[in-house]
Amino acid sequence: MIKKFEAIDSLASRQRSGRPSTAAAVTTTVEQTVQSMSAVAAHGECSAREVSRQTGVSYGSVWKALRITLKRYPYKLQQKSKNCEFGIQ
């Protein structure tokens, strides 16, 4: 640790090489699209495929953003929202 501190004057990790993650950008885009689609729909419904079509983001990325990052699940698994595939609370 002393060598690391002397080399970079900090104990923070250095930036890693490799492809940068786009999860944050995709998540905000998906969240905004879901909110706007739910506001327009009669029963507040929205689907991952439709979000994918409207944003131009792949279905898999939309699915990951909804399920993993935003913690939104299909209505069958959710107790609070019965009408929306991905319920907004």
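What percentage of the 89 residues in the protein chain is buried? Buried residues make up 28%, where buried means under 20% relative accessible area with a 1.4 Å probe, counting protein chains only. The model is predicted: local features need pLDDT of at least 70, side-chain atom pairs count only at pLDDT 80 or more, and totals for chains, interfaces and linings use all residues. Residues are numbered from 1 along each chain as its sequence is written, and side-chain values use heavy atoms, with hydrogens and water left out.

Start with the overall layout. The protein chain has four helices and zero strands. Its elements run α-α-α-α from the N terminus on. These elements are DSSP runs numbered from the N terminus: H or I of at least four residues for helices, E of at least two for strands. Of the contacts with a separation of 6 or more, 37% join residues 24 or more positions apart. A contact means heavy atoms within 4.5 Å.

Next, the crossing of two helices. Two packed helices are described by the angle between their axes and the distance between the axes. The axes of helix 2 (residues 23–40) and helix 4 (residues 59–69) come within 9 Å and cross at roughly 85°. Helix 2 is therefore roughly perpendicular to helix 4, a label for angles of 65 to 115 degrees. The axes are lines fitted to C-alpha atoms over the stretch in contact, and angles run from 0 to 180 degrees between N-to-C directions.

Which residues meet there? Helix 2 brings V26, T27, V30 and V34; helix 4 brings S61, V62, A65, L66 and T69. The residues of this contact divide into six nonpolar, three polar and no charged.

Now look at A65, which lies in helix 4. A65 counts as buried because its relative accessibility is 4%. A65 touches V26, T27, V30 and L70, leaving aside residues up to four places away in sequence. A65 and T27 are 38 residues apart in sequence, yet 5.3 Å apart in space, C-alpha to C-alpha. V62, L66 and R67 of helix 4 are buried as well. The buried residues of helix 4 pack against helix 2 and helix 3 (48–55).

Finally, the ends of helix 4. The charged end of R49 sits over the ring of Y59, 4.6 Å from its centre. That calls for CZ of Arg within 6 Å of the ring centre and within 35 degrees of the ring normal. Just after helix 4, K71 takes a positive phi of about 55°.

Terms used:
Angles under 35 degrees count as roughly parallel, over 145 as roughly antiparallel, 65 to 115 as roughly perpendicular and the rest as oblique. Ala, Val, Leu, Ile, Met, Phe, Trp, Tyr, Cys and Pro count as nonpolar, Asp, Glu, Lys and Arg as charged, and the others, Gly among them, as polar. Buried means under 20% relative accessible area, exposed over 50%, partly exposed in between (1.4 Å probe, protein chains only).
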